[in-house]
Structures are given as structure tokens and as C-alpha cells.
Amino acid sequence: MTDWDGKAEFLVPDFVENPENRCPVILLLDASASMAGAPIEALNAGVAAYFDEIARDEAASLRVETAIIAIGDSPRLVRDFATIDEAGPSPVLDAWGKTPIGASLELGLRALETRKALYRAHGVHYYRPWMFLITDGAPTDGILWQEAAQKIQEADMRRKLAFFTIGVEGADFSALHQIAAPSRPPLALKELRFKEFFFWLSASMRQASAPYAGHHAVPLPPVDSWAGDGWTQVAR
Amino acid sequence: MTWITAVDYQRGRSHSGTATPCQDFGMVRHIGPNLVIGAIADGAGSAPLSHFGARDAVQAAVDALAQNACAEVGGASEKFRQTGKRPLVRAAASALAALGARASKMRRPLSDFAATLIAFVATPERIAALQIGDGFLIASSPSKPYHRLCTPQRGEFAHETVFLTDADAMENANIVTVEEPISFIAAGTDGLESVSIRQKDGKPHAPFFRPFDHYLSDAREDSELHHGIRGFLRSDRLTERVADDVTLLVCGWRHGTSKQTQDRSPDVYTQVATGVS
């Protein structure tokens with residue numbers, strides 16, 4: 001009888017090096033005039049802490065790609081999608097201008113589509129993108145915000161992205177409820193707990209990018225450190 | 001000359017700490033000296049009973065293929081070109097019916113048993129194959145390097161795929177009939193794709209499959225090939241890299257012991273049921 005124990009050791013297939021799967025997340029952050037002072041300082045500190053947390057996690061640092069749009073006068077992409085080692089330092093937002101939420105949502109959708117096209121062109125697999133809108137006011141760009149909101153809600157309903165809305169103190173929650181995904185109503189940020197929110201966001205992205213996270217809904221950490229009762233999981 | 005064949009599957013460490021058994025399954029069967037039938041399935045991670053789904057689908061597909069494969073695939077070339085896809089259509093229908101019967105018996109929705117399915121029937125001159133969902137089925141011969149036989153079906157997002165239980169699964173199933181020399185076949189579930197298939201163009205990574213081909217050149221019995229596959233699927237090298245359940249089925253047309261009809265699934269070797277009562 002042949003002893004095959006030794007033979008098994010010689011079966012050593014070479015593994016192909018494929019790119020890591022990407023977790024794209026886009027943050028639409030209110031940087032309008034009403035955020036001047038303590039709110040924008042707390043927001044900037046929270047964003048910096050978020051990038052620090054992502055960098056500390058091995059899987060997240062390879063997989064999570066974060067883009068940031070500043071909502072203020074004309075919305076601008078202050079940080080494009082990139083993994084933590086490819087992007088520069090955390091952006092610092094200034095508070096000025098109005099709150100064109102509609103134009104910001106449109107810019108966000110375009111940035112996402114551009115990034116997905118790049119992924120597809122290079123054979124990079126990606127998970128469902130997450131989009132966060134954080135505002136302390138009301139949209140100032142006429143009916144544009146209603147059209148944009150409809151697009152995003154439809155995308156959320158068709159599971160093309162997961163859309164989250166957060167209102168800072170002073171936000172027009174009536175408008176936010178019209179913008180938010182019906183399955184995921186807006187949450188109110190307690191006081192200026194941006195640091196707690198961004199810690200929660202980095203923990204959520206670590207869950208979403210974990211090596212085992214391929215096939216199941218992503219469980220979200222509790223939101224009570226920064227909001228009331230809230231979202232519990234996101235379908236893959 | 002004969003087919004040397006083996007299949008094995010391994011529960012992924014993504015399930016550790018849970019009661020979820022391996023949701024992959026595979027089976028390969030010799031029919032006479034020239035014909036080989038195989039099927040593998042990957043149960044949906046989110047479907048609670050997909051380990052039943054994978055096993056029932058594979059068993060039903062292989063049984064259905066065994067009934068008529070000789071006539072429609074092993075016969076004349078003209079007949080193969082005209083009717084070679086039919087056994088695979090029937091195999092998929094049988095697999096789906098088996099899931100329906102299980103769902104009915106257990107009083108659970110069909111979707112609880114969701115699984116992908118890859119099935120094939122081959123001779124050294126031709127192959128007919130079906131793919132619903134992700135995973136890979138590749139073949140090669142001395143004159144044609146490793147190449148995919150079927151196109152996988154994916155959603156837009158990583159790990160998003162279609163399942164046999166989806167309403168439009170049969171409409172979108174990829175069924176092919178190919179007449180070409182076949183001396184090597186390999187089928188694997190999604191878990192192994194990340195290390196064996198190049199994402200940028202979807203093509204097989206030859207250095208992954210070549211060692212199995214070479215291993216086969218020394219193997220005389222199915223059990224020898226099985227030993228090698230089992231060792232690989234349980235190796236630290238693989239399990240550190242891949243957290244998912246994995247299944248690998250390999251067939252090689254080689255000098256070996258002449259076979260009658262024989263079933264090969266890991267249970268034949270280990271006599272241990274894996275997660276199904």
C-alpha cells in the first residue's frame with residue numbers, strides 16, 4: 001500500500017495575488033456658515049480621529065476607501081476615494097456659505113459612479129457603498145434637493161447603496177425625513193458628539209471590511225453614544 | 001486510461017464560533033471507463049438551511065445526469081451537438097425539485113436552501129456543463145491551457161451572486177457544450193476563486209492548477225488524489241488566506257485502475273456525515 005502522507009506535502013498550488021475587496025464610504029459633511037465655531041471644530045476633530053482608527057485596523061486600512069464632500073456654498077470633493085495609505089492627511093473643513101444639499105448629493109453620486117467604474121476597469125471587487133449626510137440646517141438649493149433625494153432613495157431601495165442621514169442640533173428634521181431612505185430614518189446627533197459618531201463609523205467600517213464579512217448583513221454597533229435608538233444592521 | 005477523480009470540501013473559519021456547518025458540497029461519479037459526472041454547490045451564507053440545499057442539489061444533479069448522460073453526451077458527435085445541453089437542463093430542474101421537496105418537508109421557504117450549482121458530464125473528447133452562480137469550472141488538455149468553461153453569474157458587489165432558488169435562475173444559467181480534448185477538469189466554489197482566478201480578466205491562474213495536474217500524473221487511484229486535495233484544503237497556507245467554506249473537485253484522464261460506476265464524495269472516504277441528518 002502506498003504511503004501518501006509525504007506526497008500530500010508536495011501539492012502546493014501557487015496563489016494568485018488579487019486586489020483586496022474595497023468598502024467605499026462617502027461622507028457629505030455640512031460646512032456651511034451655521035457650523036462655524038465649535039461645531040466645525042468638533043467635526044474636524046472627529047474626522048481626524050476616524051482616519052486614525054481606520055489606519056489602526058489591518059483589514060480596514062486595506063479595504064475602506066473614504067471620500068468627503070464639504071457642503072457649503074458650492075459643494076466640493078475635499079477628499080476623493082482612496083485607501084488610508086494612498087490619501088493625504090485628514091482634510092480640515094472651513095465653515096462658510098449656504099447648504100446646497102441637493103447639489104452635494106448629486107456630486108456624491110457622481111463621485112461614487114466614477115470610483116466604481118475605476119474598480120471595474122481594474123478587476124477590483126467592492127461591497128455596497130455607504131453614504132452619510134450630516135447637516136445642521138435645511139437644504140437651500142430649491143427643488144434640486146428633492147430630485148437628488150429621490151435618486152438616492154431609489155438607489156437605497158434597490159440596494160445599490162446604503163444611505164444614512166444625521167441631523168445636528170438645529171437641523172430641519174422635516175426636510176431630513178424627506179431626504180432620508182424610508183427604511184433608515186434620520187438620527188439626531190446629541191449635542192456635538194462628532195467624536196463619538198466618527199468612532200462609531202470607524203467601528204462600523206471595521207465590521208464591514210472584516211475578512212469574514214462577505215456574505216452576511218453587517219451588524220452595526222449601538223448608536224447610543226451619539227444618538228437615540230437607531231440603525232442595527234446593514235444588508236450586504 | 002481512465003478518469004482519476006476526487007472531491008473534498010472544508011468548513012471555513014468564518015463559521016467558527018457558530019453552529020453553521022459547512023455550506024459547500026460536491027460529488028463526482030464515474031460512469032463506465034470514459035464518462036465522468038460531477039457537481040459542486042455553495043450554499044448561501046445568509047440562508048439558514050443552505051447546507052441541506054447544497055447537498056440535495058448536488059445529489060439530485062448527479063443522479064439525474066447519471067440516468068441519460070451516456071446516450072446524450074457519450075454518443076455520436078452529431079447527437080451531442082443537438083442535444084448535449086439537455087441533461088444539464090434536466091439536472092438543474094431535478095436539483096431545484098429536490099430543494100422544493102426538502103422545503104416542503106421541513107415547512108420552510110425555498111430561499112432558506114439557496115445554493116449555487118456547477119454540474120458537468122465529460123468524456124476525454126467533450127464536455128457539457130452548467131453554472132448557476134459563482135465558483136469556477138475549468139478544463140485543459142496538452143493542446144489547450146487552463147480555461148474557464150462556463151461564465152459565472154455575479155451581482156455588482158463582492159460575494160453577490162445568483163442561486164438555483166432564484167426565480168430567473170434557469171433563464172440566466174450558463175449551459176455549454178464543448179467538443180475538444182479534455183484531460184484535466186477542476187471545479188471550485190467561490191472561496192477558492194480568490195486564490196485561483198485572476199480578478200482582472202477572470203482567467204485561471206495556471207500556477208494554481210498545474211500542481212494538481214502534475215500530482216495526477218503519479219496518482220493511480222482516486223483515493224491518492226483525494227488525499228492530496230484534502231491535505232491542501234486543510235493546509236495552514238490556505239486556511240490562513242481564505243476564511244470561506246471551500247470545495248475542490250478535480251478529474252484527470254490518466255493511466256490508472258479501470259473503473260465501474262463509482263460514487264466519490266468525501267463521505268465515501270471518511271464515513272462521516274457532515275452537518276446533515
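The expected span of a helix is 1.5 Å times one less than its number of residues, with helices (H or I, at least four residues) taken as DSSP runs numbered from the N terminus. For helix α7 (residues 222–233) of chain B, twelve residues should therefore span 16 Å, and its end C-alpha atoms are 16 Å apart, which agrees.

This is a predicted model, in which local features need pLDDT of at least 70 and side-chain atom pairs count only at pLDDT 80 or more. Residues are numbered from 1 along each chain, and chains are lettered from A.

**Burial in α7(B)**
- Buried (under 20% relative accessible area, 1.4 Å probe, protein chains only) describes D222(B), E224(B), L225(B), H226(B), G228(B), I229(B), F232(B) and L233(B) of α7(B).

**Packing of α6(B) on α7(B)**
- The axes (lines fitted to C-alpha atoms over the stretch in contact, with angles from 0 to 180 degrees between N-to-C directions) of helix α6 (residues 206–218) of chain B and α7(B) come within 9 Å and cross at roughly 150°.
- That crossing makes α6(B) roughly antiparallel to α7(B), a term for angles over 145 degrees.
- In contact (heavy atoms within 4.5 Å), F208(B), F212(B), Y215(B), L216(B) and D218(B) of α6(B) meet E224(B), L225(B), H227(B), G228(B), I229(B) and F232(B) of α7(B).

**D85(A)**
- D85(A) sits in the loop between β3 (76–79) and α4 (101–121) of chain A, where strands are DSSP runs (E, at least two).
- With a relative accessible area of 62%, D85(A) is exposed, the cut-off being over 50%.
- From P13(A), D85(A) is 72 residues away in sequence and 31 Å away in space, C-alpha to C-alpha.

Key. Side-chain values use heavy atoms; hydrogens and water are left out. Angles under 35 degrees count as roughly parallel, over 145 as roughly antiparallel, 65 to 115 as roughly perpendicular and the rest as oblique.
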